[in-house]
Amino acid sequence: MPDNNLLRQLPKVDLLTQAARQVLDNLREEIKEGRKNLPCNETLTGQVVEQYNQNLKPKLQRVINGTGIILHTNLGRAPLATEALNAIIETARDYSNLEYDVEEGKRSSRHAHVEDLLTQLTGAEGAMVVNNNAAAVMLALATIAHDQDVLVSRGELVEIGGSFRVPDVITQSGCRLIEVGTTNKTHLRDYERPAGAILRVHTSNFIITGFVAKPTLEELAALSQPLIEDLGSGSLIPFHHQPTVADSIKAGVDIVTFSGDKLLGGPQAGIIVGRKDLIEKMKKHPLARAMRIDKLCLAALEATLRLYQDPDTVIEKIPTLKMLHATPEYLQEKATQLQSQLGNKTTVITQESQAGGGAMPGENFTTAAVAFTQKNNPNSIEHHFRNWSIIGRIHKDRFILDVRTLNPEDFPYISICWESYVKSN
């Protein structure tokens, strides 16, 4: 009888063929660029096998963040709390009451799982969640000011990552953008004109200093037009003079939108809080279905929000908050611990790091890092670590790992990576 397990382990012909084609395509490009000789058959076979194994690996995979940037957009922004991870697993492994009221035995809304939590934490009348903050802004504008003018200060017409611009969001919402004021100064009188809404944008990815002025939220809220605030990062607790969502609601803002995966420390989501009558209209808007949050993000968001109900433990339990609040003394101790495992040709240095993700521009935090001092091209060290899925940065001709965003559980793996580099150089 044939061994079926062995038969199943045989490489798939189509995947082997794909790997062979990739290796040959790369070789053709090298020849066009001036390569003068061909690898032997044994080397070529090895390259095909290596490419085959590489193709079997998941494209989306874990990396170790040694950049010190907590909300690194390219690296997935906020890492989730243990409670949020457990909630995802529990929701994903079987069916759930996503849109079902178990007590009443009838259909319900997915927004019900987080609406009460959000209103309690922010003081808002109503709340709903969509898939990201850009969608939240678009839905709010499309519901409140479709085919009407929307007033925005020229100094707030920002572009965020990926060339995504506020003017484009307004246009796609079916509204007409009306720029008011100037780049550095916008006065209350500039907003005193008929319009479908006023959009206040928190310029979370840059700052304007010097000869600047703009109305307060309270002053804008007192005008007759609905006031929508795109708070961007959106914090639920005070930190480094950052505006909180509750502050905006208290000031009288009609609708506030913010991200779930930035300063909140949760999954990707666009959170909308504010006047209940406007929120209810948004829930019924046709765009709401196209932008709705999925069950796994919703489970993670609910678990994250529940952690905020205990202010004594929330900072310790949510990784983003814990990293933001880490003291220089703790980080120095952490860097010393890593350096002791790495051994020679490394040193502990003091650095500055940022929150990232467009949050808290101009705010630098004192941190500690390990610098790799071996007399080699720092680009070579960076490339080696990157091949091990360890992402750092080069500073003043030295490759460094900022310990603010490192997990001590990864220190042994980082040490093995460095040891392999030293031995090969």
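This is a chat about a predicted model of one protein chain.

Me: Before we start, what should I know about the numbering and the model?
Reply: Residues are numbered from 1 along each chain as its sequence is written. The model is predicted, so local features need pLDDT of at least 70 and side-chain atom pairs count only at pLDDT 80 or more, while totals for chains, interfaces and linings use all residues; side-chain values use heavy atoms, with hydrogens and water left out.

Me: OK. How many helices and strands are there?
Reply: The protein chain has 17 helices and 17 strands. Both are DSSP runs numbered from the N terminus: helices are H or I with at least four residues, strands are E with at least two.

Me: And what share of the residues counts as buried?
Reply: 44% of the 425 residues. Buried means under 20% relative accessible area, exposed means over 50%, and partly exposed is in between (1.4 Å probe, protein chains only).

Me: What box do the C-alpha atoms fill?
Reply: Roughly 75 × 60 × 50 Å, taken along the principal axes.

Me: Let's do the sheet. What's the strand order?
Reply: The order is E4-E12-E11-E10-E9-E5-E8, an open sheet of 7 strands with mixed pairing. Two strands pair if DSSP finds at least two bridges between them.

Me: Which strands stand at the edges?
Reply: E4 (126-130) and E8 (176-180) do, each with a single partner strand, so one side of each has no neighbour in the sheet. Neighbouring strands in this sheet are turned by 20° against each other on average, direction ignored.

Me: Is E9 itself buried or exposed?
Reply: Buried: 5 of the 5 residues of E9 (residues 197-201) are, so the strand is largely enclosed by the rest of the structure.

Me: Which way do its side chains point?
Reply: Ala197, Leu199 and Val201 point one way from E9, and Ile198 and Arg200 point the other way. In a regular strand the side chains alternate between the two faces of the sheet.

Me: Switching to helix pairs: how do H4 and H12 pack?
Reply: H4 (residues 82-92) and H12 (residues 295-307) pack at about 145°, with axes 8 Å apart. Among the residues that meet there are Ala84, Ala87 and Ile88 in H4 and Leu296, Ala299 and Ala303 in H12. Contact means heavy atoms within 4.5 Å.

Me: Now H16. Which of its residues are buried?
Reply: In H16 (residues 378-387), they are Pro378, Ile381, Glu382, His384 and Phe385. They cover an arc of only 160° around the axis, which puts them on the same side of H16. That arc is taken from the directions from the helix axis to the C-beta atoms.

Me: What covers them?
Reply: The cover includes E14 (365-372), E15 (390-391), E16 (393-395), E17 (398-402) and H17 (411-424).

Me: What caps its N-terminal end?
Reply: Asn377 caps H16, with a side-chain oxygen 2.9 Å from the backbone nitrogen of Asn379. A polar contact is a pair of N or O atoms within 3.5 Å; within protein, one must be able to donate a hydrogen and the other to accept it, and residues adjacent in sequence count only if both atoms are side-chain atoms.

Me: And what happens just after H16?
Reply: Ser389 takes a positive phi of about 65°, in the loop between H16 and E15. Most residues other than glycine have a negative phi.

Me: Last one: what does the Thr405 side chain reach?
Reply: It reaches the backbone oxygen of Asn65 at 2.8 Å. A polar atom of the Thr405 side chain also lies 3.0 Å from the backbone nitrogen of Gly68. Thr405 sits in the loop between E17 and H17 and is buried, with a relative accessible area of 12%.

Notes:
Axes fitted to C-alpha atoms, helices over the stretch in contact; angles between N-to-C directions.
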